[in-house]
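Please look over the sequence and the structure shown below before reading on.

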Amino acid sequence: MPRPAFRQLALPTQAPYVDRMPPEARATRRRLRACHECDWLMALPPLHSGEQAVCPRCGHAEVRRHRYPAQRSLALAIAALACLAIAASFPFLAFSVRGVGHGIDLPQTATDLIAHHAPLVAMVVLLTILVLPVLYLLAVVWLQIGLLGGRPLPASRSAARALAHLQPWMMADVFLIGTLVSLIKIVGLAQIALGPAFWAFGAFALLLLATNQSVDRDWLWFALAGEPPAPEGSQTGRPAAPQGLTGCHTCGLVGRLDAAGHGQCRRCGEPLHARRPHSLQRTWALLAAAAVLYVPANVYPIMTTVSLGRASPSTIIGGIVELIEMGSWPVALVILVASVIVPIGKLLALVWLCLVAPRARGDRSLTRTRMYRLTEFIGRWSMVDIFVVAILVALIRAGNLMAVEPGPAAVAFGGVVVLTMLAAMSFDPRLIWDTPTSTADEEAPQ
Ligand SMILES: [Zn+2]
Ligand SMILES: [Zn+2]
């Protein structure tokens with residue numbers, strides 16, 4: 001016989017949607033989570049603002065608690081949108097050499113690439129620095145206004161699901177570094193003026209990062225849809241998959257899977273899998289495609305500088321050598337790390353993880369998980385060189401004196417970055433922890 005009083009207390013409609021009380025203070029039963037990186041089933045502890053709950057087995061942060069998460073992310077998102085509006089409507093950079101030059105707006109860094117027959121690169125730039133961040137910020141504003149008003153606005157669940165999918169593809173911070181690198185590259189050749197949009201974009205990139213940090217997904221989903229009880233018989237301190245359970249990647253709720261290892265989240269509706277379907281095959285395929293594209297990315301010029309009618313194409317490596325010859329060691333190092341060491345390192349690391357995952361022994365799982373986290377974190381920074389090309393193509397145009405054209409390697413290198421990011425996403429880090437003994441013998445650390 002279920003305990004009716006207990007059930008009644010835990011219904012989300014009994015409590016106001018957003019108040020100063022975190023979910024722990026309002027849920028009367030234990031809230032279970034399955035670690036996204038090692039599949040360890042655990043109960044969330046009560047958290048105060050500024051604290052985070054980490055997995056006892058692999059150290060992955062499951063929940064970060066902020067003070068007033070709804071108000072904070074709403075304020076940051078509105079501020080970020082305001083900065084972006086300024087950044088998009090005022091001059092971004094201006095360039096002149098011997099009295100000839102012009103200024104550009106921020107959207108021109110993408111649109112000028114279309115005029116130079118590089119529509120794919122233009123699309124990547126437009127999506128990662130403008131379109132996706134705007135969608136993300138609007139979703140945050142929509143969600144938090146509804147929650148603060150006491151009643152979620154229509155499509156709030158879809159907006160909350162979209163946040164998780166948009167987040168890895170926003171690259172305003174990488175674009176900012178790309179802008180700085182471009183400026184250092186040309187500072188000796190021409191006069192550069194920074195427009196108001198440059199400073200507004202810097203503020204936007206920082207505010208976007210802060211908004212992203214401030215969204216407390218655990219609190220958000222609790223406020224939107226409460227916390228349905230964990231499946232009967234869930235045992236913490238053991239991996240979830242052998243119990244037929246899994247954690248939702250979007251909202252975190254633990255759900256039961258059918259015999260084939262699939263299911264649907266009861267809270268957010270996302271599909272659930274014991275392990276990502278065909279994780280290793282997909283990762284291998286994406287890595288192979290990235291490796292193939294890496295060849296033209298390095299053989300062909302990434303951009304061509306036309307100076308007084310003379311065209312001098314430069315490859316990625318050639319550009320680094322040029323920078324060293326100019327004496328710009330720090331920028332050469334940034335490009336070397338972002339365009340050579342990170343993509344190759346990431347490819348090799350994922351190949352190695354795919355090779356060792358099926359033969360996991362358990363003793364090195366933590367080191368391998370750390371390596372996986374690193375590849376996932378650094379991958380997007382390879383985009384710096386693509387953004388440098390986009391900025392230089394738009395900015396450097398001084399009649400016959402000087403101009404920059406994008407080269408075929410820009411598309412290929414952009415493809416390498418996107419494919420390796422997709423490969424890291426399709427790799428399921430829980431495979432690193434799957435050992436034949438993990439069902440019965442493994443002990444909980446601590
Ligand atoms: Zn873990
Ligand atoms: Zn879910």
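How much space lies in the largest cavity? The largest cavity holds about 60 Å³ of space.

## Basis of the report

This is a predicted model, in which local features need pLDDT of at least 70, side-chain atom pairs count only at pLDDT 80 or more, and totals for chains, interfaces and linings use all residues. Residues are numbered from 1 along each chain as its sequence is written, chains are lettered from A and ligands numbered from 1 in the order in which they are written, and side-chain values use heavy atoms, with hydrogens and water left out.

## Cavities

The structure holds four cavities of 30 Å³ or more. A cavity is a set of points, on a 1 Å grid over the protein atoms alone, where a 1.4 Å probe fits but cannot get out; its lining residues have an atom within 4 Å of a point. Grid points are joined across faces, edges and corners, and a volume is the space filled by probe spheres set on the points.

Among the residues lining the largest cavity are Lys185, Met303, Ser314, Ile335 and Asp385. Two elements, helix H11 (316–326) and helix H14 (384–395), each give two or more residues to this lining. Helices (H or I, at least four residues) and strands (E, at least two) are DSSP runs, numbered from the N terminus. By class, the lining of the largest cavity comprises seven nonpolar, three polar and two charged residues. Here Ala, Val, Leu, Ile, Met, Phe, Trp, Tyr, Cys and Pro count as nonpolar, Asp, Glu, Lys and Arg as charged, and the others, Gly among them, as polar.

The second largest cavity holds about 50 Å³ of space. Its lining includes Arg29, Arg30, Arg31, Glu227 and Arg266, and divides into six nonpolar, no polar and five charged residues.

## Zinc sites

The zinc ion (ligand 1) is coordinated at 2.2 to 2.3 Å by the SG atoms of Cys35, Cys38, Cys55 and Cys58. Donors are N, O and S atoms within 2.8 Å of the metal (3.2 Å for Na, K and Ca); water is not among the atoms, so sites may look incomplete. The arrangement around ligand 1 is tetrahedral because its four donor atoms subtend angles of 101 to 116°; four donors count as tetrahedral if all angles lie between 85 and 135 degrees. Cysteine 38 lies in the loop between strand S1 (32–34) and strand S2 (41–43), and cysteine 55 in the loop between strand S3 (52–54) and strand S4 (61–64), so the pair ties together parts that are 17 residues apart in sequence.

The zinc ion (ligand 2) has Cys248, Cys251, Cys265 and Cys268 as protein donors, through their SG atoms, at 2.2 to 2.3 Å. These donors follow the spacing C-x2-C-x13-C-x2-C along the chain. Angles of 99 to 117° make the arrangement around ligand 2 tetrahedral.

## Hairpins

Strand S5 (residues 93–97) and strand S6 (residues 100–104) run antiparallel and are joined by five bridges; two strands pair if DSSP finds at least two bridges between them. Serine 96 has glycine 101 in S6 as its bridge partner. Two residues separate S5 from S6 in this hairpin, and arginine 98 in the turn has a positive phi of about 50°.

Strand S12 (residues 303–307) and strand S13 (residues 310–314) are likewise antiparallel, with five bridges. Threonine 305 is the bridge partner of serine 312 in S13. The hairpin of S12 and S13 has two residues between the strands, and leucine 308 in the turn has a positive phi of about 50°.

Methods. Four donors count as tetrahedral if all angles lie between 85 and 135 degrees; four count as square planar and six as octahedral if opposite donors are over 155 degrees apart and all others between 65 and 115; anything else is irregular. On a 1 Å grid over the protein atoms alone, a cavity is a set of points where a 1.4 Å probe fits but cannot get out, and a pocket is an open set with protein on both sides within 12 Å along at least five of seven lines; lining residues have an atom within 4 Å of a point.
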